[in-house]
Amino acid sequence: SIMTVLRQRPLFGNLEKALASRKNPPTKPTWEREKGLGLQFDFGEYRLKIATAEGSQDEVVIYEDCSMISTRVWDCSVLTAKYLENIAMKDRKLPDLRLSLNLPSTGDRPLQVLELGAGTGLLSVCLAKLGAAVLSTEYGNSVKFLKKNCVDNEVEVPTAADGEKWTPTPGRVTSCELDWFNANQTLESMFAEGHETVFDLIVVTDCSLTQKDSQGVLEMIHKFGTNGHTRAVLGACKEREGTPYCFENIPKEFKNVKTVPEEDYHPDYASSRYVIWTFEMLPP
């Protein structure tokens, strides 16, 4: 696939290295790093402060190598992480993702989140810091990179011996492989025995590089979402080739589709280059 080819291109990181050494950097600082924006191009280690479920603040540190499209932090994941933090903390001393997203009650169990195309793991780590139990998925060699960042940020919980069963743990991430175009897993096969087999929230950011990628994303949301229960948060860069497919098909395939207004973004992390949708699975 096109995504696989891009992942294997060794020259991908050189574009960012060229941007880092350009002669005329912008004079106005910004959090964005794409399209030559921002003053800082310290590729190799990305740092982001995030609220925690205990009411403190942690610094998430993500290692990047830019050798693959999935091994660097993309701006959309940062935007979405800070948006979710912003709404989770609004008028609260402690973050509450369930209430802020109007998710169904989870009782005594943790909020169970699936991230598709997690890349470096930034968003998954942030969601764990906010208190969620996260199953973070990637493809091929990217999984090892994802797992390393989750381990380094002290949120990774290894899977059981068979490598497939997930024990949802609040504040923790389990990373595993998921091939959108050859997904043998079922919702039931992902969970360890005794756990409610449902994802309350599915998140995905900047995975609309091509129309095929966007189709794969929506298919995975249908496959692993529970009708009448699961809500999704999907962030996309408006400039990607596959984003028009999302604009056209999300309203057709899901209910309560909303585009997040920019005023709901974190005030220090906002941009007009992106769109974030929230939507729900159709009732059974």
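# Exercises on aromatic rings and strand pairing

Phe181 has a relative accessibility of 39% and therefore counts as partly exposed. The exercises below concern a predicted model.

**Exercise 1.** Identify the rings over which the charged ends of Lys212 and Arg72 sit.

*Solution.* Start from Lys212: its charged end sits over the ring of Phe181, 4.7 Å from the ring centre. Then turn to Arg72, whose charged end lies over the ring of Trp74, at 4.0 Å from the centre.

**Exercise 2.** Describe the pair of Tyr83 and Tyr265, and locate each residue in the chain.

*Solution.* The structure contains nine aromatic pairs. One of them joins Tyr83 and Tyr265 in an edge-to-face arrangement, with 6.4 Å from centre to centre and 75° between the planes. As to location, Tyr83 belongs to helix α3 (residues 75–89), while Tyr265 lies in the loop between β8 (255–259) and β9 (274–280). The two residues are 182 residues apart, and their pair links distant parts of the chain. For accessibility, Tyr83 has a relative accessible area of 5% and is buried; Tyr265, with 3%, is buried as well.

**Exercise 3.** Which residues form a cluster through ring pairs?

*Solution.* Ring pairs connect Trp166, Phe191 and Phe199 into a cluster.

**Exercise 4.** Characterise the pairing of strands β1 and β2 and the hairpin that they form.

*Solution.* First, find the strands: β1 spans residues 45–51 and β2 spans residues 57–63. They run antiparallel and are joined by seven bridges. Next, examine a facing pair: Ala51 stands opposite Gln57 in β2. Last, inspect the turn: the hairpin has five residues between the strands, and Gly55 there adopts a positive phi near 95°.

**Exercise 5.** Summarise the chain as a whole.

*Solution.* Count the elements: the protein chain has nine helices and nine strands. Then consider burial: of its 284 residues, 54% are buried. Lastly, examine contacts between residues at least 6 apart in sequence: 71% of these join residues at least 24 apart.

Technical notes
Residues are numbered from 1 along each chain as its sequence is written. This is a predicted model: local features need pLDDT of at least 70, side-chain atom pairs count only at pLDDT 80 or more; totals for chains, interfaces and linings use all residues. Side-chain values use heavy atoms; hydrogens and water are left out. Rings of Phe, Tyr and Trp (its six-membered ring) pair if their centres lie within 6.5 Å; planes under 30 degrees apart count as stacked, over 60 as edge-to-face and the rest as tilted. Helices (H or I, at least four residues) and strands (E, at least two) are DSSP runs, numbered from the N terminus. Buried means under 20% relative accessible area, exposed over 50%, partly exposed in between (1.4 Å probe, protein chains only). A charge sits over a ring if NZ of Lys or CZ of Arg is within 6 Å of the ring centre and within 35 degrees of the ring normal. Two strands pair if DSSP finds at least two bridges between them. Contact means heavy atoms within 4.5 Å.
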